[in-house]
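Let's take a walk through this model, one piece at a time. Have the 3D view open and follow along.

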Amino acid sequence: MRIALIGCFVLLLALFVGPITAFCNDQSTVDSTASNLPGIYIDCSGCDHDYFRQEILMADFVRDRKQADIHIFVTRQYTGSGGREYKLEFIGRNEFAGLNDTLQTTFTDSDTDDKIRQDLTAVIRMGLVRFLARTPEAVNLSVSFNRSKDEAAEVVDRWNYWVFSADLNGWLRGQKTYHNINLYGNMSAKRTTEDLKLNIRVWGDYSEDRYENDDGDDLFISRGRGANASSYFSINDHWSWGVYGSVWTSTYSNKKSHGSGALGLEYNIYPYAESSRRQLTFQTYLQRHYVDYDEETIYNKHNEWLTQHNNEIELELVQPWGSIETSLWGNYYLHDPKLFGLGLWGGVEVRLVEGLSMRYNGNISRVRNQISLPKGSISDAEALLRVREQATSYRYGLSFGLSYSFG
């Protein structure tokens, strides 16, 4: 029965997508050949494409990158100061094959969405100039430069590259015999220069579940708070080293107090200039912990010193056909290598045909290092509400989906 239902779903999807795709292909072909302007495809997730169409009149818009004369591939990455750096790659096709260009622009954390879309539009216009200059439409181009010599003064950052942010979230839900409260907040400060990146963060969370029954109220509370700081120093375009420290407490993890410090190295096969398109990094670091437990652990510990070795390989690729992000990580305690954790997580997005994309995210991990588990048992209610950590040998998660757009 289940196989039959899946077969019906696939058949319906094919019947629905096929005619729409054909219709959109016909429409795109008509639009791109109706004038002498080149056809462009702006490949930018999260951008305001309606605004681009209204403001960019020097090209025709098509819906499929394979039908475009110019594929504008936009990637972005967050800077250490909390801003965003956009990289726009202009990839020539058809009569512009082999003609490529790359432009960049950076926005601060305080820039509005309207400023971002206006400045991106201006950059796209600039990038299109060299392509239009090779067409009969070149007679309609004009270039101006508005900056005077007196305006070339050095820009001074009055905050000395520091960026501060704060976040507070909370929600309340319930019914006659039950209510739940969740609160979470954090504050952070970041400073990034060419040679040094500093991050400082303070956070806290509180969760409360209350049940009313004939015997009275049952109250379950989970809380945690902490702070961490890190410094990363650039050695060259591929190597960097850093130090990290943190203090935190969590009733969920049976930790009255937990302090740690780490020292490590990172190597990126690709240079920093390519980081918005691809990264392949190898990280290794040693971490020293001191833990004071709320309850005696399954290893008969009330407090202890621990040393942990951590390794991670991470790959990030952003390409016109889609994107991949995956990481393989592992760690173990030096006093007993049998206490280890090993995991793999990743996400893939693939553009199948025009307007149709497939997304997949998943993770799986082997868990053999739950040394903070309390010695006593937990109640059924605590297990169901997940207010206390439970023993396990593995964890996994999986999500997938399809998206289709047309019009």
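R130 is partly exposed, at a relative accessible area of 29%; here buried means under 20% relative accessible area, exposed means over 50%, and partly exposed is anything in between (1.4 Å probe, protein chains only). Its salt-bridge partner is D101, with N and O 3.6 Å apart. A salt bridge is counted when a side-chain nitrogen of Lys or Arg sits within 4 Å of a carboxyl oxygen of Asp or Glu. D101 is partly exposed too, with a relative accessible area of 25%. D101 belongs to strand 5 (residues 100-107) and R130 to helix 3 (residues 113-132), so the pair ties together parts that are 29 residues apart in sequence. Helices (H or I, at least four residues) and strands (E, at least two) are DSSP runs, numbered from the N terminus. In general, side chains of opposite charge can pair when their charged atoms come close.

Before going further, keep in mind that this is a predicted model: local features need pLDDT of at least 70, side-chain atom pairs count only at pLDDT 80 or more, and totals for chains, interfaces and linings use all residues. Numbering starts from 1 along each chain as its sequence is written, and side-chain values use heavy atoms, with hydrogens and water left out.

How confident is the predictor? The pLDDT, its confidence in each residue on a scale from 0 to 100, averages 83 over the protein, and 85% of the residues score at least 70. Residues 1-6 have a pLDDT below 50, and beyond near neighbours in sequence this stretch has 0 contacts in the model; a contact means heavy atoms within 4.5 Å. Residues 9-34 also stay under 50, though for them the model has 24 contacts beyond four places in sequence.

Now the overall picture. The protein has 4 helices and 17 strands, and buried residues make up 34% of its 407 residues. Take the contacts with a separation of 6 or more: 53% of them are between residues 24 or more positions apart. The protein exposes about 25,200 Å², and carbon and sulfur atoms supply 55% of that. Accessible areas come from the Shrake-Rupley method with a 1.4 Å probe, and for residues only the protein chains shown count as cover.

Back to charges: a search of the whole structure turns up 11 salt bridges. Among them is the one between D50 and R53, whose closest N and O atoms are 3.8 Å apart. Both residues lie in helix 2 (residues 49-55), 3 residues apart, about one turn of the helix. D50 counts as exposed at 53% relative accessibility, while R53 is partly exposed at 41%. Another pairs E208 with R210 (3.9 Å, N to O). There E208 is buried at 11%, and R210 is partly exposed at 24%. Salt bridges that share partners also join D48, D114 and R117 into one network.

What about cysteines? The count comes to 1 disulfide, a disulfide being a pair of cysteine sulfur atoms within 2.5 Å. The disulfide joins C44 to C47, with S to S at 1.8 Å. Both ends are out of the way: C44 is buried at 5% relative accessible area, and C47 is buried at 15%.

On the surface, look for a nonpolar patch formed by I269, F282, I313, L328, L342, L344, I364, Y394 and Y396, with about 890 Å² of accessible area together. Patches are made of residues with over 30% relative accessible area and no salt bridge, with like charges joined within 9 Å and nonpolar side chains (Val, Leu, Ile, Met, Phe, Trp, Tyr) within 5 Å. Strand 15 (336-353) and strand 17 (394-404) are the elements that give two or more residues to this patch. I269, one of its members, lies in the loop between strand 11 and strand 12 and is partly exposed at 36%.

That loop, between strand 11 (255-268) and strand 12 (278-293), also holds S275, which is buried at 7%. S275 and T75 are 200 residues apart in sequence and 9.9 Å apart in space, C-alpha to C-alpha. For another such pair, go to P136 in the loop between helix 3 and strand 6 (162-175). P136 counts as exposed at 67%, and its C-alpha is 8.8 Å from that of L37, 99 residues away along the chain.

Notes:
pLDDT is the predictor's confidence in each residue, from 0 to 100.
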